[in-house]
Amino acid sequence: MKNKKKLSKFEWVKKNIVIVPVVAAILAGTFTSVRYVLSLTDTIEANKQTLVNIERDLAVAEDKLTEVATRLSAAEATWEMAENLYRQLADQVREHAYDIKDLSR
């Protein structure tokens, strides 16, 4: 029987020198990949919150825009009414001016 001599850690590393960098690269790649995925997850969650805020702000802006459109319609109606009253008043003043001229003769 052959006696197998147990290798020390240093001798094992020396014997398997090619495997050590490969394992280190795999561990580093795994760590980097996990960090990248976590970073993407955080970015996605932040973007979701931003979209929720934008949707809320858009709803508020739409309500305000509807209110402004309603007030503008009311202002236009008031303006038209004022123009009609002005025309009527101008017509009445013109008629009174004719009546005064007729009375003056």
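Guide: Happy to, and please keep in mind that this is a predicted model. Let's begin with Arg-56, which counts as partly exposed because its relative accessibility is 48%. Its side chain meets that of Asp-57 in a salt bridge, at 3.6 Å from N to O. Asp-57 is partly exposed too, with a relative accessible area of 44%.

The structure holds three salt bridges, so let's visit the others. Lys-48 pairs with Glu-45, and their closest N and O atoms are 3.6 Å apart. These two residues sit three positions apart in helix α2, so about one helical turn separates Lys-48 from Glu-45. Lys-48 has 48% relative accessibility and therefore counts as partly exposed. Glu-45, at a relative accessible area of 46%, is also partly exposed.

The remaining stop is Asp-91, which forms a salt bridge with Arg-94. Here the closest N and O atoms are 2.9 Å apart. Both residues belong to helix α2 and are three residues apart, about one turn of the helix. Asp-91 counts as partly exposed because its relative accessibility is 37%, and Arg-94 is partly exposed at 42% relative accessible area. Partly exposed here covers the range between the buried cut-off of 20% and the exposed cut-off of 50%.

How values were computed: Residues numbered from 1 in each chain as written. Predicted model: local features only at pLDDT ≥ 70, side-chain atom pairs only at ≥ 80, totals over all residues. Heavy atoms only, no water. Salt bridge = Lys/Arg side-chain N within 4 Å of Asp/Glu carboxyl O. Helix = DSSP H or I, 4+ residues; strand = E, 2+ residues; numbered from the N terminus. Buried < 20%, exposed > 50% of the residue type's maximum accessible area, 1.4 Å probe, protein only.
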